[in-house]
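Welcome, and please open your viewer. Let's walk through this structure together, one selection at a time.

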Amino acid sequence: MTTDEPLTFQFESRETLVAKIERDPANLDPWTGLVELEAEESSLDTAVSVLLRAIDAVSDREQLWRFVDNFVWFCGVAEGPTMALSEASVHAFYERWKIDTHRSAQTSLFFAQQFKKLNLPDLCTENVTRAEGEVHTGRDYILLALFLRDKMETPQLALAALQRGIAAHPRNAIIWDCVADTHRLGNSAREIAESTYQSFKQCRLDATTEDACVAWASFGQMLDAIGNYLSAEEAYRQAIEIDPRYRWATGKLSGLLRRRLARYHEAEKLALRCVEIDPEHAWSWFNLGFVYHHHLARFADAKAAYRRAIELKPDYVKVWENLAALMAFETDTPTEAQKAFDKVFGLSGVSAWTYNQYGIFLRELTDRYDESEKALLHAIEMEPTEWSHRLALAVLYEKRLLRFEEARKFLLEAKEHGAPIDNIDYRLALIAQRRRPLKVVK
């Protein structure tokens, strides 16, 4: 049967559930229904109050505590922002939980997170320690590592927990995935990250291993981040070999080839493969447009790809930034370029690069030099150490405004920040030549 009606959770009424509990308090099912109803319609505090009553009444303890573990997962132990519980509810729940012999890493981490939010570090540490003794499954190790890495901000402790997880579950691809992400996010030393990759390769995870492609792709991203581009390519290709329709790894490899290895035609083929795999994915169209725009000089194709990305994600600022630059410098359509820049500046997250491009556009294709100066000064303010913004401003002062002393000042600053010496010295010589007074011939 099909329906156009949206899917929604269907709860029994509160009255029906209460009546069932009164008839058979030891039965877990109506208690779970009431807890879920209260969490959905009232508050987590109310749901916890019901759960505490259920803990004292239900006879099937194994099923009961399994439900408790699922309930704390619902509260957001490992994913997303934790839903709000009052301090009184946390303490009441915790004291009741400690009475029973049941323990699970998941619930211990739930309490650790609650106590961290309440700024009770001793109780937080106590529950982390308890969780470390309760981890058994691969999922347990991952939850513990994510808590140590993301909540406690201790990536080295997270890696130690994951190493224990690998020893217990050496072919668990998601543990390896978490290892790669933790090295990347924790900025591990290159030699340590590379050594971990060699250990991972020895496990030879392949298509017979669930989620192996995810682990390979994560190591590719980690190796890219530390600058080992050839090994990153190797890892991405292994992920794609396991799952040829893995769009994320395909897109990452395309980006690596164009950004780091200057293999633009290969990058194009992979970018085309991405939009074939998922034609509704905006970033894939942006990546394809970027290759055409910045590397292959196929400007009409770049414009079409950017437009498709914008159709899918209308406020995609990176696409609008690149489209504006394309329109400004590659299509001889200054009016359309201005419209694109106007759109960009109405979005959030505009980069210094776009202010730079806008300043150059105004400098070269209009006579709005005051606005050009303002845009370039804003780019410098956003990225004080980027030499290209100072160079662009110096050219404005020298070519358009004839403010030679200021041009010289910004050229010297650009040189200090790493601008090509030959270019700067050439422009300094031009300024010296233009400033030389005319010799009167008698």
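**The whole chain**

Keep in mind that this is a predicted model. Colour the chain by secondary structure: there are 24 helices and 0 strands to find. Now turn the view along the principal axes, where the C-alpha atoms fill a box of roughly 120 × 55 × 50 Å. The radius of gyration is 30 Å, while a compact globule of 442 residues would come out near 22 Å.

Next, show the surface. Buried residues account for 47% of the 442 residues.

If you colour by charge, look for 55 positive and 67 negative charges; their mean positions lie 9 Å apart.

**First stop: Glu38**

Select residues 28–41, which form helix α2, and pick out Glu38 within that helix. Is Glu38 buried or exposed? Its relative accessibility is 7%, so Glu38 counts as buried, the cut-off being under 20%.

Show side chains here. Those of Glu38 and Ser42 are joined by a polar contact of 2.7 Å. Then display the partners of Glu38 beyond four places in sequence: Arg14, Ser43, Thr46, Ala47 and Val50.

**Second stop: Thr107**

Move on to helix α6, residues 105–117, where you will find Thr107. Thr107 has 0% relative accessibility and therefore counts as buried.

Which residues does Thr107 touch, once its neighbours within four places in sequence are left aside? Select Asp69, Val72 and Trp97 to see these contacts of Thr107.

Finally, go to helix α22, which covers residues 387–401, and select Ala392. With a relative accessible area of 5%, Ala392 is buried as well.

Setting aside neighbours within four places in sequence, you can show Asn356, Ile360, Arg363 and Leu376 as the residues in contact with Ala392.

Key. Residues are numbered from 1 along each chain as its sequence is written. This is a predicted model: local features need pLDDT of at least 70, side-chain atom pairs count only at pLDDT 80 or more; totals for chains, interfaces and linings use all residues. Side-chain values use heavy atoms; hydrogens and water are left out. Helices (H or I, at least four residues) and strands (E, at least two) are DSSP runs, numbered from the N terminus. The radius of gyration is taken over C-alpha atoms; the globule rule is 2.2 Å times the number of residues to the power 0.38. Buried means under 20% relative accessible area, exposed over 50%, partly exposed in between (1.4 Å probe, protein chains only). Lys and Arg count as positive and Asp and Glu as negative; His and the chain ends are not counted. The place of a charge is taken as NZ of Lys, CZ of Arg, CG of Asp or CD of Glu. A polar contact is a pair of N or O atoms within 3.5 Å; within protein, one must be able to donate a hydrogen and the other to accept it, and residues adjacent in sequence count only if both atoms are side-chain atoms. Contact means heavy atoms within 4.5 Å.
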